[in-house]
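Dear colleague,

Please find the structure below, handed over for your records.

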Amino acid sequence: MTNGCLTRQGSENPNPGPLFNASLLNEPDLVKRANAATIIHTNNREFEMELEILCSVRHNSIVNLLGYCVEMGEQILVYELMPHGMLYDHLHGGLSCLRWNLRLKIAMQAAKGLEYLHKEVSPPIVHRDVKSSNILLDADWGARIVDFGLLTPNKKDLNGDVTTDVYNFGIVLLEILSGRKAYDRDCTPSSIIIC
């Protein structure tokens, strides 16, 4: 299907579906293959309609979806490649120590990405899974939000879901500031959120 243009990434991907590096139109890209369970439970026409909207979402704080392919029982998503990987790995995985000015830049750009999804896209898009592993870092160490879904417009649901996104982003901010995981059994207290 791809004529050998894909190379499989390592196994450290915490998100469902295998990831591949690709070079499409001479640009490095990231290709995500949907897992079988997702394909079985997804209506193809609904999937294609959502992807058409997601392909039109463009912002410098979002990992932009460049294209997709639904063919021969496969669902393939093509994203911009983010060479510095997940914020989570830099905060908790020992990849690199982030200086304070870079942490501030990452927090501001991620906030702008969420604001764009909530207020500037029509219909609004609610992420539903805001966490440090869903914030990727581009070649210039810019923060980009990834792995968001579409929201069927319903004002009542929208307000609650946006509030959940904002709460979860607050947890990410605490991770950025403290360097601690949201929940870590090895620390006392084990959660950075104390009620």
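The notes below cover the basis of the values and then the charged pairs.

This is a predicted model, in which local features need pLDDT of at least 70 and side-chain atom pairs count only at pLDDT 80 or more, while totals for chains, interfaces and linings use all residues. Residues are numbered from 1 along each chain as its sequence is written, and side-chain values use heavy atoms, with hydrogens and water left out.

Searching the whole structure gives 4 salt bridges (a side-chain nitrogen of Lys or Arg within 4 Å of a carboxyl oxygen of Asp or Glu). One of them pairs Arg144 with Glu80, with 2.8 Å between the closest N and O atoms. This pair links distant parts of the chain, 64 residues apart: Arg144 is in strand β7 (residues 143-145) and Glu80 in strand β5 (residues 74-80). Strands (E, at least two residues) and helices (H or I, at least four) are DSSP runs, numbered from the N terminus.

Arg144 also forms a salt bridge with Asp138, where the closest N and O atoms are 3.4 Å apart. Arg144 is buried, at 11% relative accessibility, and Asp138 is buried at 13% (buried is under 20% relative accessible area, exposed over 50%, partly exposed in between; 1.4 Å probe, protein chains only).

A further salt bridge joins Asp161 and Arg128, at 3.5 Å between the closest N and O atoms. Asp161 lies in helix α5 (residues 155-178) and Arg128 in the loop between α4 (100-120) and β6 (135-137), so the pair ties together parts 33 residues apart in sequence. Asp161 is partly exposed at 23%, and Arg128 is partly exposed at 45%.

Yours sincerely
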